[in-house]
Amino acid sequence: MTVTSTTATTAASLDTVVEAGDGALVTVPSGGRLRIVDLHGNQAVDTLFYDAHDIDNRYSAFDTIREQRAVFLTTGSRLVSTRLDELAVITDDTCGRHDTVGGACSQESNVIRYGEFTRHQHACRQTFLRYGAKAGIGQRHLAHNVNFFMNVPVTSSGGLTFEDGLSAPGKYVEITASRDLFVLISNCPQVNNPCNGWDPTPIQLLGRW
């Protein structure tokens with residue numbers, strides 16, 4: 001798998017491909033822009049955001065949903081931390097909406113949802129831990145994430161369903177950092193539901209700072 005990372009102090013831009021099932025830890029300085037491109041369409045990109053100077057000040061799906069009074073994320077959505085600090089803003093989005101309640105796949109949740117045969121399949125949680133370790137991000141720092149390009153409708157009874165994605169080849173989302181950030185990405189390897197069209201594919205990361 002391709003190792004893809006960059007450091008704000010040594011790079012003014014980023015242009016790299018993250019293969020299906022791989023991940024990245026990207027340092028984005030305040031004011032920097034990170035674009036995530038769905039190269040082939042219908043690919044979920046599980047993403048977490050951390051204050052680069054204090055990883056305990058991390059993305060909170062609950063506070064983000066409450067503050068914007070909307071379940072889905074799109075252009076203008078403020079990504080808020082557990083301390084209600086603004087970490088980033090979605091400043092461009094050609095997909096239309098993104099999930100932040102479905103969570104990341106793990107080997108444990110795969111077994112519960114799909115059966116014992118999935119126990120040893122690679123999952124996003126493993127990718128988060130692998131790449132997050134470079135910044136001191138461990139299990140206790142993982143929480144509900146953003147699932148860019150993922151379609152998780154909320155039913156009238158409050159339930160969730162995993163449906164075919166709304167994205168298409170070349171669709172992208174761009175975030176602008178409101179402070180120095182670690183952006184932790186897992187290019188989701190899930191093959192047991194339609195979140196990746198049953199066939200995970202690569203994504204592209206484009207950064208400007």
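The legends below describe views of a predicted model of one protein chain.

**View 1**
The chain holds three helices and 12 strands. Of its 209 residues, 53% count as buried. Among contacts with a separation of 6 or more, 72% join residues 24 or more positions apart. The accessible surface comes to about 8800 Å², and carbon and sulfur atoms make up 51% of that surface.

**View 2. Confidence along the chain, and residues 1-10.**
The mean pLDDT is 86, and 82% of the residues reach 70 or more. Over residues 1-10 the pLDDT stays under 50. For this stretch the model has 30 contacts beyond four places in sequence.

**View 3. Helix α1 and the residue that follows.**
Helix α1 covers residues 61-68. Its buried residues are A61, D63, T64 and I65. Strand β7 (78-80) is included in what covers them. An α-helix has 3.6 residues a turn, so residues three or four places apart point the same way. After α1 comes R69, with a positive phi near 55°.

**View 4. N145 and its surroundings.**
N145 lies in the loop between helix α3 (124-132) and strand β9 (146-148). The relative accessible area of N145 is 0%, so this residue counts as buried. Leaving aside residues up to four places away in sequence, N145 touches D46, T47, L48, Y59, D99, T100, G103, A104 and F128. The N145 side chain also makes a polar contact with the side chain of N147, at 2.8 Å.

Terms used:
Residues are numbered from 1 along each chain as its sequence is written. This is a predicted model: local features need pLDDT of at least 70, side-chain atom pairs count only at pLDDT 80 or more; totals for chains, interfaces and linings use all residues. Side-chain values use heavy atoms; hydrogens and water are left out. pLDDT is the predictor's confidence in each residue, from 0 to 100. Contact means heavy atoms within 4.5 Å. Helices (H or I, at least four residues) and strands (E, at least two) are DSSP runs, numbered from the N terminus. Buried means under 20% relative accessible area, exposed over 50%, partly exposed in between (1.4 Å probe, protein chains only). A polar contact is a pair of N or O atoms within 3.5 Å; within protein, one must be able to donate a hydrogen and the other to accept it, and residues adjacent in sequence count only if both atoms are side-chain atoms. Accessible areas come from the Shrake-Rupley method with a 1.4 Å probe; for residues, only the protein chains shown count as cover.
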